[in-house]
Amino acid sequence: MNNMTATVIEDPWQARMDRMRRVIPIPLLLVSTVFALVIAGTQHTWTRFELSLPVVAVAALWWAFVTARVRPDASTRWRLTVYAVHTALAAVLVGISLPYGVFAYTGFLLGYRLEARWRTAGFLATALVVSAALSGGYPSADVGRTVTYVIVAGVLVALTLNTAGITNRMMEQNQERGRMISELAEANRRLEASMAENAELHAQLVIQARQAGITEERQRLAGEIHDTLAQGLTGIITQLEAAEHNRNHPDTWPRHVAQARTLARANLNDARRSVRALRPEQLEQATLPEAIGALARTWSEASMIDADLQTTGTVIRADPDTEAAVFRVAQEALSNVAKHTRATRVQITLTYLGDTLLIDVADNGTGFDASATTEGYGLVGMRQRLSRVGGTLTVESSPDAGTIINASVPLGRSPEPEEGTR
């Protein structure tokens, strides 16, 4: 699985404010210094201007080596320290020369990076410094200057408080939006991880399904070979052996040869249909009772064992797979009778019970101990066929008491009687 990290999305507004904080202070400090120089030349206050130069140098160095390098994840204490030093330097410069109020304005930019409880206090401190530049200086013995400062500071503080409230709400919304974006990014990362895991599971399921399909197809072909080819070849061999045994009886052996030829052709046709996964040909143009009846007659002629079919209930046309499974059960059961039981009679009963179909194949042969005998491939194959259509198989037998093969399959729908059976 690929390693994935959460996407960090920077807030555009905060990023713009950070760029302004890093870029604007030095140009504004330079502009303020030029204005202070002009005023010093006009008012002949060179001494005061000279006093500002060391402070300007300290402010420039503080910005270049400290303020501009403050990381967004810096501690609250360090950000407060940087802001306090910057504002103190601006306040000193404004006290020396009023044009430095332009530089003092940059305190608002630094205040944006403070926490909400400190942001309003920082804005107010910067507003008081800027007010001094706008009103002609800090409060002093000059009553007029003091009154002017108080009025200007009052107005500027009111505006600043309103701006601080708006800014705090906006910052809170930005932080909330940032948290939501982070959560969405994390959810997206988890979704991508889940999709990658699901893709791997899907690939494994495809492989398992392919293997299961191969196994099921092998089992189907094995069952078809056993139910058609093997039984057909056994019948052909039986007829050829009978023909050889009766080769001195010209009235008898041609019948066995003809029977062998018929079985061979039928077996070839069944083999082709098995490869194409088609149901038995006997069911194509006939109902299930008709197909089993024809099977019983053909089998009886070949095995010389009496076979009788009895059908009870309303005949219902089941789905092809169900009918094919029942037909193969009857075919395999008759084959077992011919090979193993030494029976002289077989009774086949086909019973329709609404939503269930039963087939019983009972013989009067030698039987066997069903509890102690290991099932051969024939019975195993019948169980597998029936399980694919939801059916079950039971075997009842005991020595010298014959054998009963019973199969039950669900019809899976409401009765729909065949034409002519109502």
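A salt bridge is a side-chain nitrogen of Lys or Arg within 4 Å of a carboxyl oxygen of Asp or Glu. By that criterion, Arg-189 forms a salt bridge with Glu-186, with 2.7 Å between the closest N and O atoms. The model is predicted: local features need pLDDT of at least 70 and side-chain atom pairs count only at pLDDT 80 or more, while totals for chains, interfaces and linings use all residues. Residues are numbered from 1 along each chain as its sequence is written, and side-chain values use heavy atoms, with hydrogens and water left out.

**Salt bridges**

- The structure holds 3 salt bridges.
- Glu-186, Arg-189 and Arg-190 are linked in a network of salt bridges.
- Arg-189 and Glu-186 are separated by about one helical turn because they are 3 residues apart in helix H8 (residues 143-245); helices (H or I, at least four residues) and strands (E, at least two) are DSSP runs, numbered from the N terminus.
- Arg-190 meets Glu-186 in a salt bridge at 3.1 Å, N to O, and these two residues of helix H8 are 4 residues apart, about one turn of the helix.
- Arg-190 has a relative accessible area of 55% and is therefore exposed; exposed means over 50%, buried under 20%, and partly exposed in between (1.4 Å probe, protein chains only).
- Arg-189, at 24% relative accessibility, is partly exposed, and Glu-186, at 22%, is also partly exposed.
- Glu-323 forms a salt bridge with Arg-317, and the closest N and O atoms are 3.8 Å apart.
- Glu-323 is buried, at a relative accessible area of 1%, whereas Arg-317 counts as partly exposed at 23%.

**Nonpolar surface patch**

- Leu-30, Val-31, Val-34, Phe-35, Val-38 and Val-102 make a nonpolar surface patch of about 490 Å².
- Patches are made of residues with over 30% relative accessible area and no salt bridge, where like charges are joined within 9 Å and nonpolar side chains (Val, Leu, Ile, Met, Phe, Trp, Tyr) within 5 Å.
- Accessible areas come from the Shrake-Rupley method with a 1.4 Å probe, and for residues only the protein chains shown count as cover.
- Helix H2 (residues 25-43) supplies the largest share of the nonpolar patch, 5 residues.
- Val-102 lies in helix H5 (residues 101-104) and, at 32% relative accessibility, counts as partly exposed.

**Packing of helices H4 and H7**

- Helix H4 (residues 76-96) and helix H7 (residues 116-135) have axes that come within 9 Å and cross at roughly 10°.
- That crossing makes H4 roughly parallel to H7, a term for angles under 35 degrees.
- The axes are lines fitted to C-alpha atoms, for helices over the stretch in contact, and angles run from 0 to 180 degrees between N-to-C directions.
- Residues of H4, including Leu-80, Tyr-83 and Val-94, meet residues of H7, among them Trp-118, Phe-123 and Val-129; contact means heavy atoms within 4.5 Å.

**Individual residues**

- Leu-393 lies in strand S4 (residues 392-397) and is buried at 7% relative accessibility.
- Apart from neighbours within four places in sequence, Leu-393 is in contact with Leu-379, Met-382, Arg-383, Leu-386, Ile-405, Asn-406 and Ala-407.
- Leu-393 and Val-329 are 64 residues apart in sequence, and their C-alpha atoms are 9.3 Å apart in space.
- Val-257 is found in helix H9 (residues 253-275) and is partly exposed, with a relative accessible area of 23%.
- Val-257 and Glu-244 are 13 residues apart along the chain, and 9.2 Å separates their C-alpha atoms.

Conventions. Parallel < 35°, antiparallel > 145°, perpendicular 65-115°, else oblique.
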